[in-house]
Amino acid sequence: MSNGQGTKIQAAHAKFLGAHAHWLMKAVTLLLGMGLSVVRAGQPDEPLGAPATIADLPHSVWKVSPSGPSSSADTVVIQGAIDACAQAGGGRVEVGTGTYHVTPLQLRSNVDLHLDSGTTLLFSRNFDDYPLAWIDDGSGLEPGCRSPIWGEGLTDVSITGEGIIDGQGDAWRAVKKEKLTADVWHKLISSGGVINEKRDEWYPSAVVRDGRGELKKLAEAKDKAPLEAYAPYRPLLRTNLVRLVDCKNVTLDGVTFRNSASWNVHLSLCDKINIHHITIFNVAWAQNGDGIDLDSCRDVTMTDSQVNAGDDGICLKSGFNEAGRQRARPTENVTIERCTVGTGHGGVVIGSEMSGGVRHVNVNDCTFNGTENGLRFKSVRGRGGVVEDVQVSNVKMSDIHGVAILFDLFYFSKVASTGEPAPPVSIETPVFRNFRLSNITCNGAGQALQIRGLPEMPLQDITLDHVRIAAKSAGFLVDTRDVICRNVHVQASDDSLVRIERAEKLQLVDCSGFATAR
């Protein structure tokens with residue numbers, strides 16, 4: 001940067017600070033009184049008592065300490081630090097070691113929320129602490145609650161450090177008895193809440209058990225209900241733990257995100273995302289408890305992270321049906337490397353909400369241990385959208401309860417019967433093409449392969465190269481075109497072979513475990 005450019009930037013910065021100096025001084029005074037200390041950039045160990053001028057802090061570090069077991073006090077301190085830091089031109093808000101009882105926090109541009117090791121943000125279990133808002137999760141605007149951590153339209157926003165963000169989402173979630181051991185189920189129903197007539201599902205409250213029908217009537221009413229009409233049903237409007245929308249230059253580094261009410265980390269319509277060394281944790285029975293959802297996002301790198309989820313682990317989406325097609329924003333240019341997924345419905349997943357398209361995806365050197373399904377690519381008639389150019393390599397799986405490699409274009413729908421006429425291809429027909437899966441091993445699965453396209457739109461240009469799977473059963477390959485299997489070996493303990501039907505231009509090269517094509 002030239003001296004002239006630097007002078008112009010300093011002048012512009014000074015002008016901004018001058019215009020907001022009074023507000024900033026009041027903010028600093030308030031926050032200092034509530035347990036916050038502010039530190040000059042470049043001198044992280046030198047506390048600043050009562051600064052003579054805010055201009056001394058062009059890229060400030062704001063340090064926060066616990067104020068006690070009060071969500072209102074801790075929220076005011078942390079949110080105040082975020083806001084003041086942003087107003088001062090940006091910098092870092094360092095949240096020191098301790099437990100903070102908080103309600104939703106709004107992130108700001110040019111601010112790094114940094115959680116020190118030993119720091120926990122513990123979000124409120126009181127539903128009324130989560131303001132109602134119109135939320136678009138890819139299906140159009142719907143009533144919802146603000147997420148514990150949220151931001152919209154931001155630039156240069158990050159969450160870093162070695163601390164923990166805990167959504168206490170168990171306060172919101174119903175639990176099915178079949179998901180738990182007898183001891184855990186007994187402990188849960190003894191803790192409060194209510195159960196259904198069949199006594200096979202627990203709910204945090206009667207509203208969660210009984211209110212869904214009334215909520216649906218309200219949402220489908222001819223005259224659109226105002227937002228406040230949904231207040232009695234707030235416990236049904238489960239939040240994502242972190243939700244960032246339309247943000248650019250997003251960094252998540254080092255932090256643990258756990259116990260979300262619904263999805264854990266949801267990034268929507270965001271560009272230039274760097275995710276490194278994070279931990280995402282939901283219990284296996286967390287209803288809709290996805291790990292991370294990258295929804296109509298571009299230029300994403302996710303590395304060296306661990307995910308345990310109640311639903312899909314690492315999931316790529318791009319909107320639902322007509323709303324997603326109109327938004328027409330694909331998830332694209334995504335790299336996922338050296339990540340581990342444990343519990344969850346799928347390791348790396350695409351869909352089923354993929355109506356805006358997904359393309360240019362590279363998954364490499366990942367591990368799935370104990371996941372329900374390994375690679376899970378799913379959609380259904382009505383979605384539309386194109387998923388293409390997906391490269392997966394060097395993946396190791398073990399103890400996969402369901403299917404190691406799953407292409408499911410009949411997701412939550414009845415599979416077409418033999419001879420049933422196929423509907424015509426339309427804008428609502430999902431297209432999956434140009435996948436290359438190489439150097440994949442699986443030691444133990446319920447089924448090796450489920451590769452099924454639509455009769456009217458077969459899976460196209462799929463290559464499996466050097467794949468070795470040991471499973472209870474072999475599976476099938478149906479409604480495909482231009483599939484190449486090279487050095488693919490399926491070993492089924494029930495001695496079944498991979499069933500092949502309507503597989504146009506199928507090539508099997510040095511493969512074993514496949515039946516003769518019908």
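Colleague: Is Phe407 buried or exposed?

Modeller: Keep in mind that this is a predicted model. Phe407 has a relative accessibility of 1%. Buried means under 20%, so Phe407 counts as buried.

Colleague: Thanks! Which residues do ring pairs link into a cluster?

Modeller: Start with Phe377, which is also buried at a relative accessible area of 1%. The ring pairs join up into a cluster made of Phe377, Phe407, Phe432 and Phe435.

Colleague: Nice. How many aromatic pairs are there in the whole structure?

Modeller: Searching the whole structure turns up eight aromatic pairs. One of them joins Tyr130 and Trp172 edge-to-face, with 5.4 Å centre to centre and 80 degrees between the planes. Tyr130 sits in the loop between strands E8 and E9 and Trp172 in the loop between strands E13 and E14, so this pair ties together parts 42 residues apart in sequence. The number you asked for is eight.

Colleague: Which residue lies over the face of Trp150?

Modeller: A charge sits over a ring only if it is within 6 Å of the ring centre. Here the distance from the ring centre of Trp150 is 3.8 Å, and the residue is Arg146.

Colleague: Last one: how many disulfides does the count come to?

Modeller: A disulfide needs two cysteine sulfur atoms within 2.5 Å. The sulfur of Cys297 has its closest cysteine sulfur in Cys270, 4.8 Å away, which is too far for a bond. Cys297 itself is buried, at 0% relative accessible area. The count of disulfides is zero.

Conventions
Residues are numbered from 1 along each chain as its sequence is written. This is a predicted model: local features need pLDDT of at least 70, side-chain atom pairs count only at pLDDT 80 or more; totals for chains, interfaces and linings use all residues. Side-chain values use heavy atoms; hydrogens and water are left out. Buried means under 20% relative accessible area, exposed over 50%, partly exposed in between (1.4 Å probe, protein chains only). Rings of Phe, Tyr and Trp (its six-membered ring) pair if their centres lie within 6.5 Å; planes under 30 degrees apart count as stacked, over 60 as edge-to-face and the rest as tilted. Helices (H or I, at least four residues) and strands (E, at least two) are DSSP runs, numbered from the N terminus. A charge sits over a ring if NZ of Lys or CZ of Arg is within 6 Å of the ring centre and within 35 degrees of the ring normal.
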